[in-house]
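Me: I want to learn how to read a few features in a structure. Please take them one at a time.

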Amino acid sequence: GSGKSTQCPQYILEDSIANGMGGNTRIVVTQPRRIAAISVAERIAAERDEEIGHSVGYTVRFNKKSPREAASIEFVTTGVLLRRLVNDSFLDGVSHVMIDEVHERDINTDFLLILLRELLDKRPDLRVILMSATLDAESFGKYFSSGDDNDVVPVMSVPTKPRHPVEVMHLEEMDELPNNIRDLSQSLLRLHDQQLQLDLEVALSEEKAAMKLAARSVAEDQSKNLNESSESSSSSDSEDSDSDDDAEDNIGFGLDSYSPRLRALNDAVSMRGGNTDIVTSNRRQTFSDKREIGEITTKLLANLAQHVAQEETCAGRKGSILCFLPGLDEIKEATEILQKESDRALKACMN
């Protein structure tokens, strides 16, 4: 919330123009998601009182409003910049590359950082800026340093102390919640508990299978014959599998042998009162399960926002509610719920 995405590119552009270098300045800013690239570009254009496509633009998959060639800021997704590097390995005409939200590590971001570090050897005039709210600045600084003690990558940080007091309140701490919100929260909690139990079952099965495979590999390396006779080798695959499983089920697999991930899942299920003495079930999470969790989460958030708005309005207080959702589909769905259900209640409070 310090203005990294919206203000830093403008600082660089305005400074270049003030120093007569605007014609040589073309800033490319990456965003991890296309909706972020579009919305931030539109926000900056509005701040500059310009139409999108003048000094500020964006390029994402299937959508493009490019800015002018010089003295401009262009927002792109990480994948778009990678494709540009494939076609133009020197990024001719680009003076600054800004990687926003670099802490959201994925394969595209990692490849981009590798290519940019190699490009800096060929283009020392290129400026690369990494931005993040939770960046491990020291490790990234070492990665882009040449190894010379005199060549240290500069780091600029903004204090993380909150500018305004923030009160954290959990759903179960709110008094007098409507029954529909309580029912939705209980349903969501039950589904998450089921998912946690399923994750533990899957992780346990995978780890047992890995240990059996490791034991089999050791036996083969030591030239041990796992088949008792040549006749058993001609039997069906299912019989071979059963015999192997019977022989390998004696492998010790207790809590002490759990991996950190499996141990964490086991602790989480135990804290939630679930069953950690698992007999692996045949149940697997289906697409409908995931969709149900998403639908309940979106409906719960919309109803909670409606309830808070109604309470605050009736109390004579003004303000806004900022809701975070994982994607554009969820945002649209929550907006539709609020438009259908909240107007009448809120108007009653305002009258």
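Me: Is Glu 69 buried or exposed?

Reply: Buried means under 20% relative accessible area, exposed over 50%, and partly exposed in between, with a 1.4 Å probe and protein chains only. Glu 69 has a relative accessible area of 62%, so Glu 69 is exposed. This is a predicted model: local features need pLDDT of at least 70, side-chain atom pairs count only at pLDDT 80 or more, and totals for chains, interfaces and linings use all residues. Residues are numbered from 1 along each chain as its sequence is written, and side-chain values use heavy atoms, leaving out hydrogens and water.

Me: Which side chain meets Glu 69 in a salt bridge?

Reply: A salt bridge is a side-chain nitrogen of Lys or Arg within 4 Å of a carboxyl oxygen of Asp or Glu. Here the partner of Glu 69 is Arg 26, at 3.9 Å, N to O. Arg 26 lies in strand 1 (residues 26–31) and Glu 69 in the loop between strand 3 and strand 4 (72–77), so the pair ties together parts that are 43 residues apart in sequence. Strands (E, at least two residues) and helices (H or I, at least four) are DSSP runs, numbered from the N terminus. Arg 26 counts as buried because its relative accessibility is 18%.

Me: Which residues are linked with Arg 26 and Glu 69 in a network of salt bridges?

Reply: Glu 74 and Arg 84 join them in that network. By the salt-bridge rule the count comes to 9. Another of these pairs Asp 125 with Arg 123, the closest N and O atoms being 3.0 Å apart. Asp 125 is partly exposed at 48%; Arg 123 is buried at 10%.

Me: How do helix 3 and helix 4 cross?

Reply: Axes are lines fitted to C-alpha atoms, for helices over the stretch in contact, and angles run from 0 to 180 degrees between N-to-C directions. The axes of helix 3 (residues 78–87) and helix 4 (residues 107–122) come within 10 Å and cross at roughly 40°. Angles under 35 degrees count as roughly parallel, over 145 as roughly antiparallel, 65 to 115 as roughly perpendicular and the rest as oblique. Helix 3 and helix 4 are therefore oblique to each other.

Me: Where is Phe 62 found?

Reply: Phe 62 is in the loop between strand 2 (56–60) and strand 3 (63–65). Its phi is near 70°, a positive value in a residue other than glycine. Phe 62 counts as exposed, at 76% relative accessibility.
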